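This report goes through a few features of one protein model. Please look at the sequence and the structure before reading on.

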Amino acid sequence: MTVLDQLNSSGLYLVCGAIVLFIAAVCVVFLVRAWRAGIALGMDPVRMKRAITSSATFSVLPSVGILLGVLALSGSLGIPWPWLRLSVIGALHYETQVAGAAAEQVGIKLAPGAMTTQAFATIALLMSACIIWGMILAALFNKRYLKRLQGRNTAGKSGSGFGDLAMIAMFIGMVSAYLGSYLGELVSGNGRFTFSGSWIPLLVAAVAAAAMAGFIYLAEKKHWEWLDNFSIAGSMLLGMLAAVLAGA
Amino acid sequence: MMDKKVAYEAYMKTTHRLGRIVSVLTLILLLGAPFVIGSLLGTMPDLGAAARGFLSVGLVWTVSSIVEYLVYTPMLGAGGSYLAFITGNLINMKIPCAMNARELVGAKTGTAENEVISTLSIATSSLVTIVVLALGVLGMIPLRPVLESPALQPAFANVVPALFGAMAYKYFRKDIRLALVPLCIMSLLFMFVPSLTASTSFMIIPAGAIAIGLSWLKYRKGLKEAARK
């Protein structure tokens, strides 16, 4: 029995599957509680359903991308562990980076055929330990932190306050950083100002942005509001299609 | 009105209690799993190597986690943030997903409506990921040839640019003049220091700070003008 066979054994599926099931149950509990709280607060069920539908459609495509991450890591870590990591707490860029660094510390490369059982257990522990802080901070400080923010919000003079503007600005900053990196990749990706880097991410972003413009036009000007639910996923799909066509 | 306030306060109290309990349980499960798996494999993790690995990469992720916590918790509210920090994939999925849902229903930060919508959104998003991954893992063998086909690889390698392209149009149109400043600064930085592309997620911090700073100045200016009138 090879190491990879052991990493794909039913025992590992059972351990990882049980944890995934626990997290799924937690999500269902939070979902039901939030729905009931919304009804008790007098919120419109149609709007709540709309939030759920849009979130579900929004999440399908990125989830398929995450599934590919499971595939990518399964060659060296087996299927069950990457399945657990990417279902529950991780993100592909994080998992890949930490798994690589952990493999380095145990003196192997993260590659099929190189894995040992102890190396795997060590890598698994490090992958778990490095990304727990958000959860710990939330458990320790969420109540106080949110109460403090709430106090600031209610102390504000205007109706909406600066909170919403700050969130939009934060998002603009986040998007700017990524778009800037795609532009930087094209211009200096293969040496400063050589203009020979990859242009695909920029093309994909441009097509997705154009598609979003189309969706917003149809929703706002033609009053096809239902399209809003699919605008992000649809724009992403068209952007990704552009990558396939450009790569063909 | 009073009943609603009391009901919401009771909901929040239970949410915090539940959030803390499930966070601690998840922590125990995730840190315990490598030891349980190790015992199934007849070995144990090398704690010395794990500690060295933590010092090399773990500290970076610790700083990143603290910043993520401080920045995203106000967006997500109580229930949403407990769930999001348990289920992960924040930047690439949970945050834009919750922002999108919030936008669709017009909920404002810090309100009870935002708390409910954000929790509904994060819980739904997490369940979709769990279901897609479970189905994918179940069907991984027949699915592998399709998903790994070379023709589809460029698509899945560009999920993040597709996401940020779509979000760019959605958010930049709210204040294009504000957006141009961080966009130009970030583009120039990445052009002059190409190695920064490996740390894009960290560059969100200065980019966000610039955008928030400009937005604050504009907000203050608006308040002063309103007061003058």
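The text below covers chain B, a charged patch and a group of rings.

The model is predicted, so local features need pLDDT of at least 70 and side-chain atom pairs pLDDT 80 or more, while totals for chains, interfaces and linings use all residues. Residues are numbered from 1 along each chain as written, chains are lettered from A and ligands numbered from 1 in written order, and side-chain values use heavy atoms, without hydrogens and water.

| Feature of chain B | Value |
|---|---|
| Helices | nine helices |
| C-alpha box along the principal axes | roughly 75 × 55 × 40 Å |
| Residues that count as buried | 52% of 229 residues |

Helices (H or I, at least four residues) and strands (E, at least two) are DSSP runs. Buried means under 20% relative accessible area, exposed over 50%, and partly exposed in between, with a 1.4 Å probe and protein chains only.

A:Lys143, A:Arg144, A:Lys147, B:Lys13, B:Arg17 and B:Arg20 form a positive surface patch. Patch residues have over 30% relative accessible area and no salt bridge (a Lys or Arg side-chain nitrogen within 4 Å of an Asp or Glu carboxyl oxygen), with like charges joined within 9 Å. Helix α7 (133–155) of chain A and α1 (2–41) of chain B each give two or more residues to the patch. A:Lys147 lies in α7 of chain A and counts as exposed because its relative accessibility is 65%.

Ten aromatic pairs are found over all chains. Rings pair if their centres lie within 6.5 Å; planes under 30 degrees apart are stacked, over 60 edge-to-face, the rest tilted. The B:Tyr69 and B:Phe85 pair is tilted, because the centres are 5.8 Å apart and the planes at 45°.

Conventions. Patch = residues over 30% accessible without salt bridge, like charges linked within 9 Å, V, L, I, M, F, W, Y side chains within 5 Å. Areas by Shrake-Rupley, 256 points an atom, 1.4 Å probe, with all protein chains shown as cover. Lys, Arg positive; Asp, Glu negative; His and termini not counted. Charge placed at Lys NZ, Arg CZ, Asp CG, Glu CD. Phe/Tyr/Trp six-rings, centres within 6.5 Å; stacked < 30°, edge-to-face > 60°.
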